[in-house]
Amino acid sequence: MCGIVGVTGKDNAVQILLKGLKRLEYRGYDSAGIYVNDQDGHEYLVKEKGRIADLEAEIGSDVHGSTGIGHTRWATHGVPSKANAHPHVSADGRYYLVHNGMIGNFAELKKQYLSDVTFKSDTDTEVIVQLIAKFAQTGMATKAAFKKVLNLIDDSSSYSFLLIDNQEPNTLYVAKNKSPLLIGVGDGFNVVCSDALAMLDQTHDFIELIDGETVIVKPDSILIEDTDGKRIERKPFHVSTDASAADKGAYPYYMLKEIDEQPGVMRTLIKHYISEDGSIKIDDNILQSLHQSDRIYIVAAGTSYHAGLVGKELLEKVAKIPTEVHVASEFGYNPPLLAAKPFFIFLTQSGETADSRQVLAQVNEQGYQSLTITNVENSTLSREATYTLLLYAGPEIAVASTKAYTGQIALEAILAKALGELRQVATAADFDVAKELTKVANGEQELVDEKKDIKKIAAALLPTTRNAFYIGRSIDYDIVQEAALKLKEVSYIQTEGFASGELKHGTISLIEKGTPVLAVITDKHTAKHTRSNAQEVMARGANVVFIASRSLAKDGDQIVLPDVHPLLTPLVAIVPCQLMAYYASLQRGYDVDKPRNLAKSVTVE
Ligand code: AGP
């Protein structure tokens, strides 16, 4: 949820930490802070409420160092404030700590061990740094005090910690459990970060950490130990992504850049997964495992869950294999009755979503096979699943997911085609996925090129409203759930993506004069029904906008979509809906990329 960075062995530690935090700001952006020291006893702690830019404004020109830690926050315990910002300091001023995650038993630990300590914040994290100092004051070495505290933290907790003892100024004490953390390997320096993106200017070689491991990082050494204190040697993996891929270039916002990148994402997926002769390049082990299963369970959260809804359509209608889609946070604690031979697909842009990871841990415990479809190589859900398929969509920085949604659906289409061919079902033979996705890419290009038309519609339809509806049926119902989430996320308009046939059973009571209703019509079997449902709300004063496929369009429809394969219409229909959300947010003066209360990668349950 939060983003943490650390560096040791570099004279411009302040600049490295700030650049890293800016790259991680999508993980949380309500407050931030850094602590740096140089080897001559000078140390600096600067914290501020708000963005990294607000923190940067507080950092005096005298602040310098070669070792330091930094943090950008998504508040869990304690409101966003300067006092609750990280790093937190022990009462004796010796220890500095940043943390990503949540400590389940912080209140108990505070009560049991720290009743005599004066706290400066309301955070769970401060309890940990005060406890480390408490044990160190009994004469314990920092490493031992750190490990003792880790053993007192309960299993429900998640953490990645970076600790500095100012009596060992060039040393970073590191620990990880559930929250993502990587060690970046340098020459004469080393770095630590929640996501490789933060440190791609410093190194492209990173060491992944396993839950329960602790690390002592110095400029010229990295000592990893497992929970039993046994030394671990681990080779770094190379991240090929170029740091500039994370820059927004001339775009005002990442969301607009990533919407415009969708046609390219389609073409890249075709290039990666489909040969010139049309044969699909997916590991046969994945296809065989899927084929041997008797039911597929797609598990995901948020936008990825919505991509799963379309995945179900594709896997059932192209590959003829029964498929269920589940919200990860529900599945984790209320799983359905499983089939005899289940196979699990985890859809996750970040590869770090705690709700999905919690389910994968159960799936692994029960020995079932799984496939993670993700945009982040070497992410936790990729490492811990049986198989991985990558989206190759490039970094997605805007909190509102766009190109990952269309990328996930396109990859599900390619997977359904390959599986259908293996199962020798006719529907697969008729589904020329390369040709169809090329048509989609051209259609998406057409729509992003006409974005100014959507800007006008958003300005006319959504200037002041507090609520809105997207309506649709069958695959259009899948689309409108994602369309509604986009509008909610970035414009804060209370929006429902509703099965239009269900309106008259109650929810239509919310319709009044001027209520914006966007009707999505790409499915020829239900088109006329959705249109009559739209008539019903218009009769009650709703302000209706029709988003229809060219072959189903009628005069007066405001947004006409290029015709594509009936199972791929979400890939074009979502584009004007993403743009509607973008412009509605822009027109309200909001930060489109960093909506209030949200974070890009949700690493706590
Ligand atoms: C989508 O715009 C949101 N950022 C959010 O719903 C997101 O889809 C969800 O948190 C799942 O994230 P994941 O794909 O990284 O697992």
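What follows is a short exchange about a predicted model and the reasons behind some of its labels.

Visitor: How is the chain divided?
Guide: The model has domain 1 (3-250), domain 2 (251-447) and domain 3 (450-605). The C-alpha centres of domain 1 and domain 3 lie 42 Å apart. Their contact takes 13 residues from domain 1 and 11 residues from domain 3.

Visitor: What area is buried between domain 1 and domain 3, and which atoms give it?
Guide: About 1000 Å² is buried there. Carbon and sulfur atoms give 55% of that area. On the domain 1 side, Tyr26, Tyr29 and Trp74 supply 46% of what domain 1 buries against domain 3.

Visitor: Why is Arg51 with Asp591 called a salt bridge?
Guide: The label needs a side-chain nitrogen of Lys or Arg within 4 Å of a carboxyl oxygen of Asp or Glu. The closest N and O atoms of Arg51 and Asp591 are 2.8 Å apart, so the pair qualifies. Between domain 1 and domain 3 the count is two salt bridges.

Visitor: What else is counted between domain 1 and domain 3?
Guide: Six residue pairs are in polar contact, with both residues at pLDDT 80 or more. Strand β6 (residues 95-102) gives the largest share of the domain 1 side that touches domain 3: three residues. By class, that side of domain 1 has five nonpolar, five polar and three charged residues.

Visitor: What makes Asp211 and Arg357 a salt bridge?
Guide: Again the cut-off is 4 Å. The closest N and O atoms of Asp211 and Arg357 are 2.6 Å apart, so this pair passes. The pair links distant parts of the chain, 146 residues apart. Asp211 is in the loop between β11 (205-208) and β12 (214-218). Arg357 is in helix α11 (residues 354-365). A search of the whole structure finds 32 salt bridges.

Visitor: How many aromatic pairs are there?
Guide: The count comes to 13. Among them is Tyr113 with Phe135.

Visitor: Why is Tyr113 with Phe135 called edge-to-face?
Guide: Two tests apply. Ring centres must lie within 6.5 Å, and planes over 60 degrees apart count as edge-to-face. Tyr113 and Phe135 are 5.6 Å centre to centre, so they pair. Their planes are 80° apart, so the pair is edge-to-face. Tyr113 is in helix α3 (residues 106-113) and Phe135 in helix α4 (residues 124-136), 22 residues apart.

Visitor: What is the form of the peptide bond from His86 to Pro87, and where is Pro87?
Guide: The bond is cis, with omega near 5°. Pro87 is in the loop between β4 (67-72) and β5 (88-89).

Visitor: What stands out about the phi of Lys320?
Guide: Lys320 has a positive phi of about 55°, although it is not a glycine. Lys320 lies in the loop between α9 (302-318) and β17 (323-327).

Definitions and conventions. Residues are numbered from 1 along each chain as its sequence is written. This is a predicted model: local features need pLDDT of at least 70, side-chain atom pairs count only at pLDDT 80 or more; totals for chains, interfaces and linings use all residues. Side-chain values use heavy atoms; hydrogens and water are left out. Domain bounds come from an automatic or database domain assignment. Contact means heavy atoms within 4.5 Å. Buried area is the accessible area (1.4 Å probe) that two parts lose on being put together, summed over both. A polar contact is a pair of N or O atoms within 3.5 Å; within protein, one must be able to donate a hydrogen and the other to accept it, and residues adjacent in sequence count only if both atoms are side-chain atoms. Helices (H or I, at least four residues) and strands (E, at least two) are DSSP runs, numbered from the N terminus. Ala, Val, Leu, Ile, Met, Phe, Trp, Tyr, Cys and Pro count as nonpolar, Asp, Glu, Lys and Arg as charged, and the others, Gly among them, as polar. Rings of Phe, Tyr and Trp (its six-membered ring) pair if their centres lie within 6.5 Å; planes under 30 degrees apart count as stacked, over 60 as edge-to-face and the rest as tilted.
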